[in-house]
Amino acid sequence: MQYPVYLQLSGTENVYAIQGPDRFWECTPLGAQTLCHDVLATTWPERQRILDMVADDGPWERIDRAAFEAQWNKGNCNMESTAIPLDVLEHVELAQYTTFGIEAKARWFAEVTSVDGLRAALDWSRSHGVEVFVLGGGSNMLLHGDVEALVLRIQIRGVEVRSDDGRHVEVAVGAGEVWHDFVMHTLDQGWGGLENLSLIPGSVGASPMQNIGAYGVEIRDHFAWLDAVRISDGSLQRFMAEDCAFGYRESVFKREEKGKWILVRVAFHLDRESPLRMGYGAIEQELQHIPEAERTHRDVSEAVIRIRQSKLPDPAQIGNAGSFFKNPTIPAKQAEALLATHPNMPNYPQPSGEVKLAAGWLIEQAGWKGHNRATHGVHDRQALVLVHFGGATGKEVWDLAQDVMKSVKAQFGVSLEPEVNQVGLQD
Ligand code: EPU
């Protein structure tokens, strides 16, 4: 038998982690508390309990480590001797953990469900002289090869209401929660603000890294603060909005502080009466069948979901990482010259005086939309998205990205920049 084995007593919230033939941990809720025990079972009847628990016909069901830890973390279980041991796996395939689905292996791999678990992983990496690499929702990265590091999958969960005055809510969320599930939860509670950001793939912890945005809203519009653990020493620090230096798909965590922090919790300001944002053309169009006064946050969310589903490939079906490129910003003079020859070119003048262009339009005009290289290509409904049908390497996808960038540069004189993080890119 492979230990640990995680179990739940059917019909109860009692969970167990069998550590070996003569040791198990037990977590049992008692009123508002959860009690955790480390039970040495070298003698009868405790030894028999273990045999009963792992037998196939008992009332115990197998659960996964995350389900056990969720219960364990509720309890008062911080005794050093019973800290959840770090389960470091070797040579783990990462395709299933990234939305691009490119095959690449992690030399070492661990899942962490708490700040303490994360610190244990950082200690492990230091004592083994191995770097850590954080995999959030894996929705914004292209792996160029195997990752010679301890790859951490952050599974810190939980949604906590920090304050609620009847209208405004401050809510703190574990970095490992799935972003879209969290957005759906906020709408179930009647909290407005994040509806335009529905269906963005990835985890809550990844959302501030690149200040995710869609349909006229960015995370920074509702951001309260975040907690992050410093990789070098395991210390926990709170970052307020001004500390994060948010920009268009940018934050301090992609720039000055890159690779130094692991985000563990993100808090948002939400508002039951926040105004609906329908300025983005397609949303208004989608909502035309509902009289303006009757529209809800949920309606906007549903409109966004319909628009995204009609244009963007579902990573569960076709590997992709959303927009592969950023929309470029160019000097006004250059935009004027381009508009003289391409009067239909979408262009968005910026407060800075510069002009933002639609990379998807440029790529489509350069003839790449729907371009297919058998294992990968350019999405046929949104040229900004590179897609992986299966069997491509990160390098092959990157070669395509470079061909696209060169061709847009040659045709329009505009340099595109990838929005997706390139992991292990050899220069
Ligand atoms: N366009 C084309 N051809 C294409 C794609 C777009 O001509 O193949 C044109 C559209 O017709 C439109 C303009 O380009 O006039 C802008 O396109 P769209 O409204 O689809 O938005 P986008 O600028 O391409 C950005 C974000 C998306 C986000 C949408 C909606 C970036 C890099 N991308 O795309 O974000 O969902 O706006 O707000 O800023 C992501 O980051 O992964 C992502 C999908």
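Tutor: Let's start with how the elements are named: helices (H or I, at least four residues) and strands (E, at least two) are DSSP runs, counted from the N terminus. The model is a predicted one, in which local features need pLDDT of at least 70 and side-chain atom pairs need 80 or more, while totals for chains, interfaces and linings use all residues. Residue numbers start from 1 along each chain as its sequence is written, and side-chain values rest on heavy atoms, with hydrogens and water left out.

Because its relative accessible area is 12%, Tyr215 is buried; buried means under 20%, exposed means over 50%, and partly exposed is what lies in between, with a 1.4 Å probe and protein chains only. A polar backbone atom of Tyr215 sits 2.6 Å from an oxygen atom of the ligand.

Two other residues make polar contacts of this kind (a pair of N or O atoms within 3.5 Å; inside the protein, one must be able to donate a hydrogen and the other to accept it, and sequence-adjacent residues count only if both atoms are side-chain atoms). A polar backbone atom of Ala383 lies 2.8 Å from a ligand oxygen, and an N or O atom in the side chain of Lys369 is 3.3 Å from a ligand oxygen. Of the 820 Å² of accessible area that the ligand has on its own, the protein covers 81%, with areas from the Shrake-Rupley method and a 1.4 Å probe; for residues, only the protein chains shown count as cover.

Now for the whole shell.

Beyond its neighbours within four places in sequence, Gln365 is in contact (heavy atoms within 4.5 Å) with Gln411 and Phe412. Val408, 43 residues away in sequence from Gln365, is 8.6 Å from it, C-alpha to C-alpha.

Ile283 touches Tyr215, along with Asn196, Arg277, Met278, Val300, Ala303, Val304 and Ile307, not counting residues up to four places away in sequence. Ile283 is itself among the members of the largest nonpolar core, which has 40 residues; Trp179, Leu226, Phe268 and Ile283 touch the most other members. Strand 12 (168-174), helix 4 (179-188), strand 15 (223-230), strand 17 (261-271) and helix 7 (297-311) each supply at least two residues of this core. Apart from it lies another core, of 35 residues, among them Leu142, Ile330, Ala335 and Met345. The term covers buried Ala, Val, Leu, Ile, Met, Phe, Trp, Tyr and Cys residues joined through side-chain atoms within 4.5 Å.

Helix 4 deserves a moment as well. Since 7 of its 10 residues are buried, helix 4 is largely enclosed by the rest of the structure. Those buried residues are Trp179, His180, Phe182, Val183, Met184, Thr186 and Leu187, and they pack against strand 11, strand 12, strand 17 and helix 7. Helix 4 is followed by Gly190, whose phi is positive, near 85 degrees.

Further along is Leu199, in the loop between helix 4 and strand 13 (213-214). Leu199 is partly exposed, with a relative accessible area of 26%, whereas Tyr215 is buried.
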